[in-house]
Amino acid sequence: MAHCPSMIGDFSVLPLSIPPAPSFPRSVLHYLYIRRNAPKIPTADDSRSLFLTNVPVDATEVHLRGLFATLVGVGRFEGVTFGDERRELHTDAEPAQAARLAALSKKRKREYEEAERAAEEAAARLPSTWTRPLRKSGSTAVVMLADEKSVDQVLKAIAKVHKSKKYPSWGNLDKIGAAKAPPPLGSAWLKAHNRLSYPDKDALQASIDAFSILFTKKEQEAAEIAKRMRNEPDEDGFVTVTRGGRNAPASKNEAEEAKRKMMEKEEKKKEELTDFYRFQLREKKKEEQAELLKQFEEDRKKVWAMREKRGNFVPES
């Protein structure tokens with residue numbers, strides 16, 4: 001076996017022992033690369049999270065919980081976000097106008113409304129047809145730990161693994177209990193998929209009903225927003241003409257662009273008005289200064305006239 005370096009760049013290398021399987025009856029090593037999480041957009045939890053790459057294709061949260069429990073004990077692992085996880089969009093109940101005007105209503109939502117909407121969207125999704133996902137080769141993940149100290153302990157534990165050569169076994173759940181083991185793969189996984197592809201009629205009807213209710217609700221919200229926009233005059237005092245029927249303004253981008261231009265024009269008008277007032281003040285000051293100069297010249301002429309009269313004055317003898 002070739003020597004495995006403990007570090008490659010900023011990454012700590014953690015060898016994992018993959019136990020034999022019926023499809024490949026040999027134990028092999030898989031290398032997991034771990035470093036402190038440093039995303040391009042920092043967050044408050046970066047100091048207590050780790051970035052993982054080359055995650056095994058069969059990885060689940062339970063697998064990683066068991067792995068970190070083996071390294072630093074139970075209670076340090078809080079959660080994981082896999083890089084290939086994306087929001088399910090196949091049942092997105094977004095009518096045309098709701099999708100276009102969603103940005104205009106998001107700012108007005110309250111936390112409880114968002115939670116209620118999330119529950120409604122969860123109920124509207126169709127049941128999953130897979131008991132567990134498979135990751136792409138070389139996938140990434142971000143693991144959240146209890147605190148920054150836990151991050152240091154994990155990195156130190158990886159260094160100790162290289163010295164002892166006792167590599168953690170992938171799928172070892174002794175520390176957290178085998179009862180939490182994920183569903184098996186192989187033929188059982190495919191049989192379960194075939195069974196889940198034909199869900200119970202009542203469960204399917206419940207998802208469809210929830211989807212219809214959510215779709216109608218969003219459509220009504222979009223219609224109310226469109227109605228408000230039709231009643232609001234623009235910067236020139238004209239009311240925006242929108243499409244009738246089920247359609248709202250032409251598009252969300254057009255609505256946002258019109259709103260942005262309106263705000264820019266209002267700001268420009270304010271600046272122009274301010275500049276106009278400044279111009280008036282400047283002109284008024286100039287007129288006052290000219291009037292003062294004119295008055296000064298008139299007073300000076302009067303003084304010279306009085307002096308001349310005094311110079312020509314001859315007292316009586």
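I began with confidence: the mean pLDDT (the predictor's confidence in each residue, from 0 to 100) is 81, and 77% of the residues reach 70 or more. Over residues 87–93 the pLDDT is below 50, and beyond near neighbours in sequence I see 14 contacts for this stretch in the model, a contact being heavy atoms within 4.5 Å.

Ground rules: this is a predicted model, where local features need pLDDT of at least 70, side-chain atom pairs count only at pLDDT 80 or more, and totals for chains, interfaces and linings use all residues. Residues are numbered from 1 along each chain as its sequence is written, and side-chain values use heavy atoms, with hydrogens and water left out.

Sheet next. I found an open sheet of six strands, antiparallel in pairing, in the order E1-E2-E3-E4-E6-E5. Strands are DSSP runs (E, at least two residues), numbered from the N terminus, and two of them pair if DSSP finds at least two bridges between them. E4 (residues 49–55) and E6 (residues 139–145) share six bridges; phenylalanine 51 has valine 142 in E6 as its bridge partner.

Then rings. Which rings pair? Phe, Tyr and Trp rings (for Trp the six-membered one) do if their centres lie within 6.5 Å; planes under 30 degrees apart are stacked, over 60 edge-to-face, the rest tilted. I count four aromatic pairs. Phenylalanine 68 and phenylalanine 77 have centres 5.8 Å apart and planes at 40°, so I logged a tilted pair. Both residues, phenylalanine 68 and phenylalanine 77, are buried (under 20% relative accessible area; exposed is over 50%, partly exposed in between, with a 1.4 Å probe and protein chains only).

Notes
Helices (H or I, at least four residues) and strands (E, at least two) are DSSP runs, numbered from the N terminus.
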